[in-house]
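Student: I'd like to learn how to read a few features off a model like this. Can you walk me through some?

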Amino acid sequence: MSSSLVAIAGSACFGLWMTVHFVPPNNLFAWHPLLMGAAIGSCGASSALGVRARAMAPGRARLVTLWSHLWLNAFGTVCWLLGFFAIYANKNKLGKSHFSTTHGTIGMWSTLALVVTFALGVASFNALGVLARFGWTAATRRVKAAHRSLGLFVIFAGMFTASLNTGHSSIGYGAGGKALSDVALGVAASALVLAAVSTPAWSTKP
């Protein structure tokens with residue numbers, strides 16, 4: 001097992017312990033930001049590993065990195081979908097309308113994009129041979145490119161969507177805290193995009 005997977009496994013166990021002790025199980029609203037935060041963090045780390053793998057020479061180390069990329073993405077996707085379900089179920093419970101805010105609308109499209117991104121990643125992972133089974137190996141390069149671009153959009157959209165709701169009354173940040181959070185999330189998302197597209201491996205390998 002790679003050090004990346006050991007780190008995420010340890011973090012997940014610690015997060016689970018913290019969750020059990022401090023998050024009320026029946027508070028669906030509290031589960032939403034917790035799970036979404038875990039999702040964005042995992043998918044962001046996975047993206048970094050994916051770009052790193054593209055700069056590596058073919059071999060066992062590269063394959064292990066790509067498997068780590070896949071498992072981190074899988075963990076992040078599960079957390080994201082559970083977080084989405086938590087807020088959807090909470091609105092049903094309270095009788096509120098769905099996707100009536102900018103936060104909710106972008107969140108919905110980001111979630112759909114995430115599912116497509118993960119599916120594209122699984123399909124284009126040569127070790128799994130999904131495209132080869134259907135005789136679509138010629139499309140591998142295009143599928144990988146779509147996976148990278150859509151994945152970058154998902155991470156950026158997730159962080160941007162989070163910034164839209166940092167002023168929620170239950171958080172208590174106030175106007176100053178919301179502005180600071182918005183700037184921090186915006187800068188982080190922009191830095192992620194810049195770091196990805198400026199990496200030579202982003203466009204030089206299939």
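Predicted model: local features only at pLDDT ≥ 70, side-chain atom pairs only at ≥ 80, totals over all residues.

Student: Is Ala 123 buried or exposed?

Tutor: Buried means under 20% relative accessible area. Ala 123 comes in at 18%, so it counts as buried.

Student: Which residues is Ala 123 in contact with, leaving aside neighbours within four places in sequence?

Tutor: Val 130 and Leu 131.

Student: Next, helix packing. What is the angle between α2 and α6?

Tutor: Angles over 145 degrees count as roughly antiparallel. Helix α2 (residues 28-54) and helix α6 (residues 140-164) pack at about 150 degrees, their axes 10 Å apart, and are therefore roughly antiparallel. Their crossing is left-handed. On the α2 side, the contact is made by Ile 40, Cys 43, Gly 44, Ser 47 and Arg 54, and on the α6 side by Arg 148, Ile 155, Gly 158 and Met 159. By class, that's four nonpolar, three polar and two charged residues.

Student: And how do I read aromatic pairs?

Tutor: You describe two rings by the distance of their centres and the angle of their planes. The count here is five aromatic pairs. One of them, Phe 84 with Tyr 88, is stacked, at 6.3 Å centre to centre and 25 degrees between the planes. These two are four residues apart in helix α3 (residues 60-94), so about one helical turn separates them.

Note on methods. Residues numbered from 1 in each chain as written. Heavy atoms only, no water. Buried < 20%, exposed > 50% of the residue type's maximum accessible area, 1.4 Å probe, protein only. Contact = heavy atoms within 4.5 Å. Axes fitted to C-alpha atoms, helices over the stretch in contact; angles between N-to-C directions. Parallel < 35°, antiparallel > 145°, perpendicular 65-115°, else oblique. Left-handed = near helix turned anticlockwise from the far one by under 90°. Nonpolar A, V, L, I, M, F, W, Y, C, P; charged D, E, K, R; others polar. Phe/Tyr/Trp six-rings, centres within 6.5 Å; stacked < 30°, edge-to-face > 60°.
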